[in-house]
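Open the model in your viewer and keep the selection panel at hand. The tour goes from stop to stop, each with something to select and a note on what is there.

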Amino acid sequence: ALRSSQGDDNGGFYLDDIKVDYFNPCLRPQQAAASNVTLTNASITFADPNNAGSYTLLYGTAADMALAADTISFTTTSVTLASLAPATEYHAWLRTNCPGMAGSAWTEVPAFRTLCNPYVVDEQNSYESNFEEGLDSCSSQYRIAGSTNWAAATSTEHPIGAHSGGHIASLERYNASDTAMYILPAFDFSDLPQGAELTFWLALSTYGSNFHDKLFVYTRTQDTADWTLLDSVTRTLDQWTEQCFLLPNSTNRPFYQVAFCGVTGGYGVKIDDISVHATPNCRRPVDFEAMAVTDSSATLAWDGDADRYQVHYRRLGALSWSSAMTTSTSIDITGLPNNTAFEARVRAVCAGDGPSAWSNIIYFNTDVCGAAQFYANYDSAGYDPQVTDNAPGDAYGYYSYAEILFDSARLAGLTDISAFSFHHLTTGTTNYFQNCDIYIGHTPDTVFGNFLYDSTFVHVYHGPFDFAGE
């Protein structure tokens with residue numbers, strides 16, 4: 001019997017395709033899936049609640065089981081299909097053969113696609129993908145954690161619009177951490193004695209304060225080998241930013257794969273305009289980084305094999321670049337203002353071949369004059385400085401307060417304080433509104449010092465403060 005109970009606000013209760021059948025004690029296979037898919041092979045694995053030890057598999061390129069072209073029988077809970085056609089979608093159905101009774105019902109294996117023949121990249125041919133026709137049909141992907149997978153999409157925010165055209169490859173799930181791998185088609189670099197280079201445009205963002213998009217780039221030189229991490233990008237990139245990597249061990253390789261592993265959290269890991277091509281004769285510098293940053297200087301270093309390099313740097317947000325030339329793979333930039341954000345890029349200048357493309361842009365901040373900044377964001381249980389609640393008020397917390405104790409070791413050298421900044425977000429309940437007043441005292445014994453602040457959301461109080469002798 002079936003009974004429906006419908007409330008006033010419900011839309012109804014519907015049933016369709018009811019079937020009553022006999023109970024088959026030979027249970028069907030469970031958790032069937034294809035794995036280790038290559039150009040011509042695929043493994044089918046599953047679980048058997050019967051432990052029967054006898055199975056039948058139908059498979060072929062048709063989506064209708066009645067049209068399955070091949071049948072195999074086997075005795076373990078995994079089987080390898082061989083001699084498959086490259087770049088072809090296959091369908092399979094599986095059942096258990098229980099001794100002394102009829103076979104189980106059929107279980108459909110999720111469709112899978114064999115890999116394409118490697119894409120030939122040489123001096124005349126490069127691989128380009130801008131996702132205007134969707135994800136590459138010879139690419140593959142799989143979820144590692146969560147429920148989200150890569151898809152061809154439009155970008156409506158962070159940033160608005162694709163880098164070119166109208167579509168991008170996107171891995172999106174707000175406010176949650178999903179992980180998925182997008183694997184490019186296999187490449188054939190047999191005719192590349194100088195190896196190959198990967199470039200693409202990337203956008204990453206942050207949702208709130210705790211969720212961040214991240215991208216990890218992997219490579220491998222065999223379709224059954226483990227992936228090797230090439231590099232990662234974890235900083236926020238709200239605008240399209242070009243990424244460039246030399247592909248290691250790509251010289252004259254007949255098989256090579258590149259994979260993008262995205263981790264969601266912000267507004268989505270977004271990729272556009274992927275290019276895999278021969279490494280240029282005048283190759284752009286890589287592994288560009290800022291080192292030994294002080295309050296007025298920074299050392300910029302990179303890897304390259306050119307005779308000369310041109311370095312550009314500027315304050316973040318400025319329109320024009322400052323330029324410097326060097327014959328080394330590092331340069332000292334001096335005379336910078338303190339406590340300032342900068343961006344920089346570098347390119348090779350090669351005799352007879354013209355300049356290379358620009359490197360990835362890097363970012364750095366000069367220190368506060370005379371000392372490093374003290375910063376605490378209280379994002380973890382082990383934050384410093386310590387917060388102690390003296391709670392002189394009643395049970396509801398009225399008039400309670402907390403001391404934030406900056407110990408002398410953490411404040412060493414901060415004798416010329418120009419600004420004290422903090423963020424405060426007030427919250428309320430039905431009957432009570434939380435209030436926050438900020439005082440500053442010279443010693444932990446001072447219950448209330450100089451009054452600074454009264455319940456605004458974000459405030460910077462300008463000094464100077466005299467910490468001499470504290």
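Select Cys282 and Cys350: the torsion about their S-S bond is 80 degrees, and the link is right-handed. The sulfur atoms are 2.0 Å apart, and a disulfide here is a pair of cysteine sulfur atoms within 2.5 Å. Cys282 sits in the loop between strand 22 (269–278) and strand 23 (286–291), while Cys350 belongs to strand 28 (residues 341–350), so the pair links distant parts of the chain, 68 residues apart. Strands are DSSP runs of E with at least two residues, numbered from the N terminus. Both cysteines, Cys282 and Cys350, are buried; buried means under 20% relative accessible area, exposed over 50%, and partly exposed in between, with a 1.4 Å probe and protein chains only.

This is a predicted model, in which local features need pLDDT of at least 70 and side-chain atom pairs count only at pLDDT 80 or more, while totals for chains, interfaces and linings use all residues. Residues are numbered from 1 along each chain as its sequence is written, and side-chain values use heavy atoms, with hydrogens and water left out.

**The other disulfides**

How many disulfides does a search of the whole structure find? The search finds three. Counted along the chain, the bonded cysteines follow the pattern 1-2, 3-4, 5-6.

Select Cys26 and Cys98 next. These two are joined by a disulfide with an S to S distance of 2.0 Å. The torsion about the S-S bond of Cys26 and Cys98 is about 80 degrees, so this disulfide is right-handed. The pair links distant parts of the chain: Cys26 lies in the segment before strand 1, and Cys98 in the loop between strand 6 (89–96) and strand 7, 72 residues apart. Cys26 is buried, at a relative accessible area of 2%, and Cys98 is buried too, at 8%.

Move on to Cys116 and Cys138. Their sulfur atoms are 1.7 Å apart and form a disulfide. Is this disulfide left-handed or right-handed? The torsion about the S-S bond of Cys116 and Cys138 is about -90 degrees, so the disulfide is left-handed. Cys116 is in the loop between strand 7 and strand 8 (119–120), and Cys138 is in the loop between strand 9 (127–129) and strand 10; they are 22 residues apart. Cys116 counts as buried at 8% relative accessibility, whereas Cys138 is partly exposed at 23%.

**The second largest pocket**

Now select Ala34, Val37, Ser140, Gln141 and Tyr142. Of the 26 residues that line the second largest pocket, these are the closest to its centre. The volume of this pocket is about 690 Å³. On a 1 Å grid over the protein atoms alone, a pocket is an open set of points where a 1.4 Å probe fits, with protein on both sides within 12 Å along at least five of seven lines, and lining residues have an atom within 4 Å of a point. Grid points are joined across faces, edges and corners, and the volume is the space filled by probe spheres set on the points.

Colour strand 1 (30–35), strand 7 (107–113) and strand 10 (140–145): these are the elements that give two or more residues to the lining. Strand 7 supplies the largest share, four residues. By type, the lining residues divide into twelve nonpolar, ten polar and four charged. Ala, Val, Leu, Ile, Met, Phe, Trp, Tyr, Cys and Pro count as nonpolar, Asp, Glu, Lys and Arg as charged, and the others, Gly among them, as polar.

Strand 2 (residues 42–47) pairs with strand 5 over four bridges in the antiparallel sense. Zoom in on Ser43, which stands opposite Thr80 in strand 5.

**Strand 21**

Finish at strand 21 (residues 257–263). Seven of its seven residues are buried. On one side are Gln257, Ala259, Cys261 and Val263, on the other Val258, Phe260 and Gly262. Cys261 is buried at 7% relative accessibility.

Thr179 stands opposite Val263. Strand 18 (residues 214–220) also pairs with strand 21 in the antiparallel sense, over seven bridges, and Leu215 stands opposite Gly262.

How values were computed: Pairing = 2+ DSSP bridges.
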